[in-house]
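This report describes aromatic pairing and helix packing in one protein model. The structure is shown first, and the description follows.

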Amino acid sequence: MNKKLQAHSAIFLANTIFGLGVPVTKLLLDEWVTPMGYMASRSLGACLVFWLIAAFMPKEHVERRDLITILAGGLLGFVISQTLTAWALDYTSPVYFSLIATLTPVAVMLCAALTIGEKITPMKSVGVLLGIAGAVLMVLMSQSLGSGKNDLIGIIITRNVASKYSPVTQMKYVFLISAIVTVPIAIPELPVNALYTSAWGWDGVVEMLFIVLGATALGFFLIPFAMKYLQATTVSIYTNLQPVIASFVAIMLGQDVLTWDKPVAGVLVLLSAYIVTVVTAKDTKG
């Protein structure tokens with residue numbers, strides 16, 4: 001399997017895991033943890049996982065300016081965005097808040113053009129818009145089934161840093177700063193986090209393990225790997241899979257219902273990824 005195919009598989013799997021994590025997060029917030037208790041558990045758990053893995057790998061020196069970039073990326077791309085997401089899920093359905101994911105490819109495409117010279121082609125623009133159309137269609141249709149609110153989250157991806165260091169090195173610092181910020185804030189809330197009291201249950205433990213090991217450690221490990229071999233816009237287009245997958249899982253859990261827009265949205269997102277990657281690449285070579 002060539003590196004680009006591996007990268008596509010990695011980013012597809014990452015966004016599938018993130019999509020699965022949405023309804024699981026909703027279950028945790030409804031029954032077991034507060035938003036900050038949830039964030040602290042994710043941050044500390046992933047921090048321990050990546051530092052443990054790093055202990056068995058060759059030590060990688062990180063330049064000071066790159067370390068600052070990684071730490072800043074951790075604060076913006078994980079602490080701020082994921083904390084706002086956790087708070088938002090207290091007020092919305094597992095699907096509706098995912099509208100933010102539809103904005104990411106546009107922001108990344110523009111930032112990549114301005115910062116690393118990634119070319120914006122007509123076909124790439126069409127592909128991005130198709131993916132947005134699919135996700136927005138599903139989100140707007142689901143709005144009629146419930147009410148909620150969303151927060152606009154900015155995510156900046158630094159391709160140069162992603163290509164210089166291993167995913168483990170990057171993520172151990174991302175979750176270190178995340179744990180340093182979130183754990184002290186969450187400690188006073190522990191008595192109201194049922195998962196960390198005598199009222200704990202195995203279903204809550206399993207759900208949290210999935211979030212820490214799957215939707216955090218594995219998911220965030222795969223993104224830097226994909227960034228080494230794919231354009232920033234290509235990586236970001238896959239974020240539109242998240243509300244689609246979140247919706248189908250929410251349906252199975254009884255948190256949502258099946259409507260015609262969901263399979264249509266899935267087809268549009270996959271068509272979008274195809275246009276941005278395959279057709280755009282052919283146009284560039286030509």
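Rings of Phe, Tyr and Trp (its six-membered ring) are paired if their centres lie within 6.5 Å; planes under 30 degrees apart count as stacked, over 60 as edge-to-face and the rest as tilted. The model is predicted, so that local features need pLDDT of at least 70 and side-chain atom pairs count only at pLDDT 80 or more, while totals for chains, interfaces and linings use all residues. Residues are numbered from 1 along each chain as its sequence is written, and side-chain values use heavy atoms, with hydrogens and water left out.

**Aromatic pairs**

The structure contains five aromatic pairs. One of them joins F50 and F175, whose rings are stacked, at 5.8 Å centre to centre and with 5° between the planes. Because F50 belongs to helix α2 (residues 35-54) and F175 to helix α7 (residues 167-186), this pair ties together parts that are 125 residues apart in sequence. Helices here are DSSP runs (H or I, at least four residues), numbered from the N terminus.

Accessibility is classed as buried (under 20% relative accessible area), exposed (over 50%) or partly exposed (in between), with a 1.4 Å probe and protein chains only. F50 is buried at 2%, and F175 is buried at 0%. The rings of W200 and W202 have centres 5.0 Å apart and planes at 80°, and the pair is therefore edge-to-face. W200 is partly exposed, at 39%, whereas W202 is exposed, at 62%. A single aromatic cluster is formed by F18, F50, F175 and F220.

**Helix packing**

Axes are lines fitted to C-alpha atoms, for helices over the stretch in contact, and angles run from 0 to 180 degrees between N-to-C directions. Two helix pairs are listed below.

| Helix pair | Axes come within | Crossing angle |
|---|---|---|
| α1 (residues 3-31) and α10 (residues 241-252) | 7 Å | roughly 45° |
| α7 and α8 (residues 202-227) | 9 Å | roughly 130° |

Angles under 35 degrees count as roughly parallel, over 145 as roughly antiparallel, 65 to 115 as roughly perpendicular and the rest as oblique. α1 is accordingly oblique to α10, and α7 and α8 are likewise oblique to each other.

Contact means heavy atoms within 4.5 Å. In α1, the residues that meet α10 include F12, F18 and L20, and their counterparts in α10 include L241, I245 and V249. Between α7 and α8, P167, V168, Q170, M171 and F175 meet T216, F220, F221, P224 and F225. The residues of this contact of α7 with α8 comprise eight nonpolar, two polar and no charged.

Terms used. Helices (H or I, at least four residues) and strands (E, at least two) are DSSP runs, numbered from the N terminus. Ala, Val, Leu, Ile, Met, Phe, Trp, Tyr, Cys and Pro count as nonpolar, Asp, Glu, Lys and Arg as charged, and the others, Gly among them, as polar.
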